[in-house]
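I opened my notebook to get to know a new structure. Here is what I looked up, entry by entry.

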Amino acid sequence: MPRISHLYFKTAILFLIVGIGMGLKMAISQDYSVIGAHAHCNLLGWVTMALFGVYYALNPRKAERRIATIQYGIYTAGVTLMVPSLYLMLLGNTAMEPVVAVASIVTFVGVLLFAFVIFSSEQVAMTPSTPSYR
Ligand code: HEM
């Protein structure tokens with residue numbers, strides 16, 4: 001499996017652990033105010049990242065490209081900033097609103113980069129090889 005797929009799965013499982021932790025906390029406390037953070041942590045963190053990882057595993061040539069690493073970095077930074085800031089905002093910390101806004105845009109940029117990866121060709125730059133005289 002390509003390195004980027006491993007990275008995506010390792011990151012995704014951490015979000016699932018945190019997301020389930022939030023879900024259990026909501027269920028035990030019967031306080032559902034952070035439901036949005038729980039849902040986004042599980043869906044943007046666990047589900048979407050795992051899907052990205054599967055896509056790169058199925059398209060190993062695209063996984064080798066630098067844009068894949070950049071896409072991983074931007075998307076992961078966005079979600080990692082978005083989940084805790086959304087959690088705090090939903091608990092009443094209004095100062096977190098601009099942070100959530102910026103994190104959402106960064107996450108969206110990560111998604112747009114993934115769209116670019118999907119629509120780009122599988123071709124990688126070829127270095128000229130020794131001519132064949134056969
Ligand atoms: C053991 C694991 C989980 C627990 C304990 C848990 C717990 C909860 C709880 C207590 C709620 C609030 C329900 C209510 O409003 O009455 C909720 C909502 C939600 N959960 Fe989870 N959850 C878990 C896993 C997941 C996973 C894996 C996902 C997505 C992949 C997910 C997505 C959602 C969504 C989208 C909502 C909002 C549903 C709505 O607004 O109707 N949850 N969860």
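**Ground rules.** I began with helix length: the expected span of a helix is 1.5 Å times one less than its number of residues. Helices (H or I, at least four residues) and strands (E, at least two) are DSSP runs, numbered from the N terminus. I kept in mind that this is a predicted model, in which local features need pLDDT of at least 70 and side-chain atom pairs count only at pLDDT 80 or more, while totals for chains, interfaces and linings use all residues. Residue numbers start from 1 along each chain, as its sequence is written.

**Overall layout.** I counted 5 helices and 0 strands in the chain. Read from the N terminus, the elements go α-α-α-α-α. Along the principal axes, the C-alpha atoms fill a box of roughly 75 × 25 × 15 Å. I then looked up the radius of gyration, taken over C-alpha atoms, with a globule rule of 2.2 Å times the number of residues to the power 0.38. The chain has 19 Å, whereas a compact globule of 134 residues would have a value near 14 Å.

**Burial and contacts.** I call a residue buried if 20 or more other C-beta atoms lie within 10 Å of its own, exposed if 12 or fewer, and partly exposed in between, with C-beta atoms placed from the backbone. Buried residues make up 31% of the 134 in the chain. Two residues are in contact if their C-beta atoms, placed from the backbone, lie within 7 Å. Among contacts between residues at least 6 apart in sequence, 75% join residues at least 24 apart.

**Helix 1.** This helix has 27 residues and reaches 39 Å from its first C-alpha to its last, close to the 39 Å expected at 1.5 Å a residue. I listed its buried residues: Ile4, Ser5, Leu7, Tyr8, Thr11, Ala12, Phe15 and Gly19. They pack against helix 2, helix 3 (60–63) and helix 4 (66–90).

Is Gln30 buried or exposed? Gln30 is exposed, because 6 other C-beta atoms lie within 10 Å.

**Helix 4.** Its 25 residues should span 36 Å at 1.5 Å a residue, and the end C-alpha atoms are 36 Å apart, so the two agree. After helix 4 comes Gly92, with a positive phi near 110°.

**Helix 5.** I did the same check on helix 5: 23 residues should span 33 Å at 1.5 Å a residue, and the end C-alpha atoms are 33 Å apart, which agrees. Val100, Ala103, Thr107, Gly110 and Phe114 are buried in this helix. What covers them includes helix 2 and helix 4. I also looked at Phe108, which lies in helix 5 (residues 97–119). Phe108 counts as partly exposed because it has 13 C-beta neighbours inside 10 Å. From Phe108 to Glu122 is 14 residues in sequence and 23 Å in space, C-alpha to C-alpha. Ala101 lies in helix 5, and Ala101 is partly exposed because 13 other C-beta atoms are within 10 Å.

**The ligand.** I found 13 residues around the ligand, the closest being Ile20, Gly23, Ala27, Ala39 and Asn42. The elements giving two or more residues to this shell are helix 1 (3–29) and helix 2 (35–58). A residue is near a molecule if its C-beta atom, placed from the backbone, lies within 6 Å of it. Which helix gives the largest share of the shell? Helix 2 does, with 7 residues. I sorted the shell into 10 nonpolar, 3 polar and no charged residues. Here Ala, Val, Leu, Ile, Met, Phe, Trp, Tyr, Cys and Pro count as nonpolar, Asp, Glu, Lys and Arg as charged, and the others, Gly among them, as polar.

**The record.** The unreviewed UniProt entry carries the annotation "transmembrane region" for residues 7–28, 34–58, 70–92 and 98–119. Its positions are given in the numbering used here, feature names are shortened, and annotations may be inferred rather than shown by experiment. I checked residues 7–28: the span is 100% helix and 0% strand, with end C-alpha atoms 32 Å apart. Residues 70–92 are 91% helix and 0% strand, with end C-alpha atoms 33 Å apart.
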